[in-house]
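Subject: Handover of a structure

Hello,

I am passing on the structure we talked about, together with notes on what was found in it. Please open it first and keep it in view while you read.

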Amino acid sequence: NGALFTIRNLLKSNTQEIAYDAYGKPFLPGSNTHMSISHSHKWLVIVLNEKEETGVDIELQKEKIKSIAPKFCSTDELKFASTDVLKLTVIWAAKESVYKLYGKRSIDFKSQLTVDPFGNDRSGQVTVTLKLPDATGKYLLAYEEKQEYALTYVLNELK
């Protein structure tokens, strides 16, 4: 579904130009393949999906997320995650992944993106609901801890 590359490996293997639309969403000119890109410090992640829109995010886990979580988490999400840095980072990254899938601006992460509670494992699946006046959807994402990073990527839209 996706591939995790270091920047060096990407540069060696990239044979096609990446372009960006008016909102900054990446795409491959002349291709129907959907694409999403994320980077954080030493990691660069690219997800390609030939069937539907996709999104990916990778984030370094930091204690600071506990103090900013009320800006992007609903009351229920805050109750669920409490002070767990991995859970809070997964919530942020999952919302960011769906934001990238949507591909436009102006989403309120706190009220228009909802993350359902998920397991206590270091990897698993999570669902995110997008509720906008012009777009709604529920998405299944994978999440995993990679060293001190949290990675999320969209698997598919749930019908």
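A residue is called buried here when its relative accessible area is under 20%, exposed when that area is over 50%, and partly exposed in between. By that cut-off F109 is buried, because its relative accessible area is 11%. W92 is partly exposed, at 26% relative accessibility. Please keep in mind that this is a predicted model.

The sheet

Five strands make up an open sheet with antiparallel pairing, and their order is β6-β10-β9-β8-β7. From one strand to the next, the twist averages 25°.

Strand β10 (residues 149-158) can be followed through its pairings. With β6 (residues 56-60) it pairs in the antiparallel sense over five bridges. Within this pairing, L60 has Y149 as its bridge partner, and I58 stands opposite L151. Strand β9 (residues 136-146) is joined to β10 by nine bridges, again running antiparallel. There, E145 is opposite A150 of β10. The hairpin of β9 and β10 has two residues between the strands, and Q147 in this hairpin takes a positive phi near 55°.

Helix α4 (residues 85-102) lies across β6, β7, β8 (123-131), β9 and β10, and it runs at about 150° to β6.

The cores

Which residues have the most contacts inside the largest nonpolar core? They are I107, L130 and L141, in a core of 30 residues. The elements that give two or more residues to this core are α2 (65-72), α4, β7, β8, β9 and β10. Helix α4 provides the largest share, 10 residues. Leaving aside residues up to four places away in sequence, I107 touches Y99, Y102, Q112, L113, L130 and L132. There is also a second, separate core of nine residues, and V45, V56, A142 and L151 are among them.

The aromatic rings

The structure holds five aromatic pairs. In one of them, the rings of W92 and F109 have centres 4.9 Å apart and planes at 35°, so this pair counts as tilted. The pair links distant parts of the chain, with W92 in helix α4 and F109 in helix α5, 17 residues apart. The rings of Y99 and F109 have centres 5.6 Å apart and planes at 55°, so this pair is tilted too. Y99 is in helix α4 and F109 in helix α5, 10 residues apart, and this pair also links distant parts of the chain. Both Y99 and F109 are buried. Ring pairs link F72, W92, Y99 and F109 into a cluster.

Two serines in loops

Most residues other than glycine have a negative phi. S82 has a positive phi of about 55° although it is not a glycine. This serine, S82, is in the loop between α3 (75-81) and α4, and it is partly exposed, with a relative accessible area of 45%. S106, also not a glycine, has a positive phi of about 65°. Its place is the loop between α4 and α5 (109-112). At 67% relative accessibility, S106 counts as exposed.

Regards

Notes
Residues are numbered from 1 along each chain as its sequence is written. This is a predicted model: local features need pLDDT of at least 70, side-chain atom pairs count only at pLDDT 80 or more; totals for chains, interfaces and linings use all residues. Side-chain values use heavy atoms; hydrogens and water are left out. Two strands pair if DSSP finds at least two bridges between them. Helices (H or I, at least four residues) and strands (E, at least two) are DSSP runs, numbered from the N terminus. Axes are lines fitted to C-alpha atoms, for helices over the stretch in contact, and angles run from 0 to 180 degrees between N-to-C directions. Contact means heavy atoms within 4.5 Å. A nonpolar core is a set of buried Ala, Val, Leu, Ile, Met, Phe, Trp, Tyr and Cys residues joined through side-chain atoms within 4.5 Å. Buried means under 20% relative accessible area, exposed over 50%, partly exposed in between (1.4 Å probe, protein chains only). Rings of Phe, Tyr and Trp (its six-membered ring) pair if their centres lie within 6.5 Å; planes under 30 degrees apart count as stacked, over 60 as edge-to-face and the rest as tilted.
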